[in-house]
Each structure stands twice: as structure tokens, then as C-alpha cells.
Amino acid sequence: MLMLAIIIKDLCLYANRPKYRLIQFSIVLLISAVFFIATIEYFFSTGSNSQINTGRHVFTILVSTLFVVITGVVTPVFAIESIQDERRNTNFDLLHLSRLSTVQILVGKLTGVLLASFALILMTAPIFILSTYIGGFRLKDLLTCGILFLSANTLFVLISFSLALSLHENILSFSYGTIFAVIFLPLVAPKPIWWISPLAILIEIVKPESNPKVWLSVGGYFAVALLFFILINQRLAFKV
């Protein structure tokens, strides 16, 4: 029950502050604009090239934009705010005095951030449903994208947690630098390194043909996330 209280507290933090409501509105507005602009552009392109799959191209642009915005921009803010809020109110000391283990505390904080991130994704669901009318995606693609979002989000939340616990200044800048390096730098590297980028994996997922390397990369993200989880847990336990 105490771990559930941590999750609810963090969700209330994200729901009640005007800054986060503005983030929610901005994301829905951005995805809506991208959808209509991409749809119009590809419909015009289809007029001169019947080989263009308008729905699949639009869905690829939508899901890529959503991934970068949610996972690369919003998730670090949520994660860092979650840790800094506990620091400002000295809640970590109180949590250590409770019956919760450091693993339960960390799982509660991680779950709160992940639920807040996926709530933002759900807010854009009507736009993705609209894309089905132009042949946007297969159900298998959508489920695979969801698993990739979960693995990358988990990794990036834990990276942000680690930086928030280690640094006192410029935390968000270091977090953005690290996450955007993971997302974009491999894209300009040779193909084996290219597979490190979750954005590259996302683009592979929405291609008509499946690629088994997708699941290898997703498993890799979860493995690295587990390593970060263990290191952060040890850091928190050391402070008890």
C-alpha cells in the first residue's frame, strides 16, 4: 500500500501542476498538426506515385514524432522532477524510515513516471485511430511499438534518476544530452551501431517486413535498464 501511495503521489504531481497540463495540450496539438500535414502531403504525393503507401508513411512519421517527444523530451522532465520533489521535501529520509525497501521505493517512482508518460500517449490515441482509415498500421506493429516505448522509456527514466541523484546542477541538460545521444548519434554510424538507437528500431518495426533484430535490441534496453536499476538501488541503500 505504501508503494501505491508513492505512485499516486507522483501522478497527482503531474496532473495538478499547470506546467504538465500545458505539456499535455502541446503534445496533442503537435501530433494533430503532424498528422494532418503528413496526410495532406502524402495524399498529394500518391497522386503522382501510386506505389506510395500513404497510411504507413503517415503512421511512421506520427509514431517517430511521438517517440522523440515523449521518450526524449517529456520523460526526463517527469523523472527528474520526481526525484527533486522528494529531495526538496526531504521525503527520502521519511521513506527510508518506513517499511518500504529501497527496491520498492525505486519501483514506485519508476512506475509513477512510466504511467504518466503512457497517459500522454493515450491522449494521442484518437489521432492514431484516425490513421487506420488510411491504412495506418497493423495491430502487431502497434503492440511491438508499445513494447519498444516501454523498454526505452524505462531505460531513459532510470538514466534520469541516476543523474538526478548524482548531480545538483544542470541535471536536465545532462539528461537530454545523454538521451538524445542514444537516440540520434547511432543513426549516423555504420549499420551495427545503428541498431543501438531506439528510433532506428522503431522505424524497422513499422516496415512491412519484420526483422528479428528488433527483439534483440528491445531485450538489450531492458538489460541495460536492469543494470541501472541495480546501481541506483545500491546508491539509495547506501544512504540509509
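Start by selecting Ser151 and Leu148: a polar atom of the Ser151 side chain lies 2.9 Å from the backbone oxygen of Leu148. This is a polar contact, meaning a pair of N or O atoms within 3.5 Å; within protein, one must be able to donate a hydrogen and the other to accept it, and residues adjacent in sequence count only if both atoms are side-chain atoms.

Keep in mind that this is a predicted model, where local features need pLDDT of at least 70 and side-chain atom pairs count only at pLDDT 80 or more, while totals for chains, interfaces and linings use all residues. Residues are numbered from 1 along each chain as its sequence is written, and side-chain values use heavy atoms, with hydrogens and water left out.

**Stay with Ser151.** Colour helix α7, residues 139-166, and you will find Ser151 in it. Helices (H or I, at least four residues) and strands (E, at least two) are DSSP runs, numbered from the N terminus. Is Ser151 buried or exposed? Ser151 has a relative accessible area of 0%, so it is buried. Buried means under 20% relative accessible area, exposed over 50%, and partly exposed in between (1.4 Å probe, protein chains only). Now show Val218, Tyr221 and Phe222, which are in contact with Ser151 when its neighbours within four places in sequence are left aside. Contact here means heavy atoms within 4.5 Å.

**Move to the surface.** Select Ile147, Leu150, Trp215 and Phe222: they form a nonpolar surface patch with about 350 Å² of accessible area together. Like charges are joined within 9 Å, and nonpolar side chains (Val, Leu, Ile, Met, Phe, Trp, Tyr) within 5 Å. Accessible areas come from the Shrake-Rupley method with a 1.4 Å probe; for residues, only the protein chains shown count as cover. Ile147, in helix α7, is partly exposed because its relative accessible area is 33%.

**Go inside.** Next, select Ile27 and Phe161, the residues with the most contacts inside the largest nonpolar core, which has 64 residues. Helix α3 (residues 54-88) gives the largest share of this core, 15 residues. A nonpolar core is a set of buried Ala, Val, Leu, Ile, Met, Phe, Trp, Tyr and Cys residues joined through side-chain atoms within 4.5 Å. Around Ile27, look for Leu66, Val69, Ile70, Val74, Leu120 and Thr124, which it touches, not counting residues up to four places away in sequence.

While in helix α3, click on Thr75. Thr75 counts as buried because its relative accessibility is 0%. With residues up to four places away in sequence not counted, Thr75 touches Ile70, Val113, Ser117, Asn153 and Val157.

**Find an enclosed helix.** Why is helix α10 (residues 198-205) largely enclosed by the rest of the structure? Seven of its eight residues are buried, so the rest of the structure largely encloses it.

**Visit a loop.** Asn170 sits between α7 and α8 (171-184). Asn170 is not a glycine, yet it has a positive phi of about 55°.

Methods
Patch = residues over 30% accessible without salt bridge, like charges linked within 9 Å, V, L, I, M, F, W, Y side chains within 5 Å. Salt bridge = Lys/Arg side-chain N within 4 Å of Asp/Glu carboxyl O.
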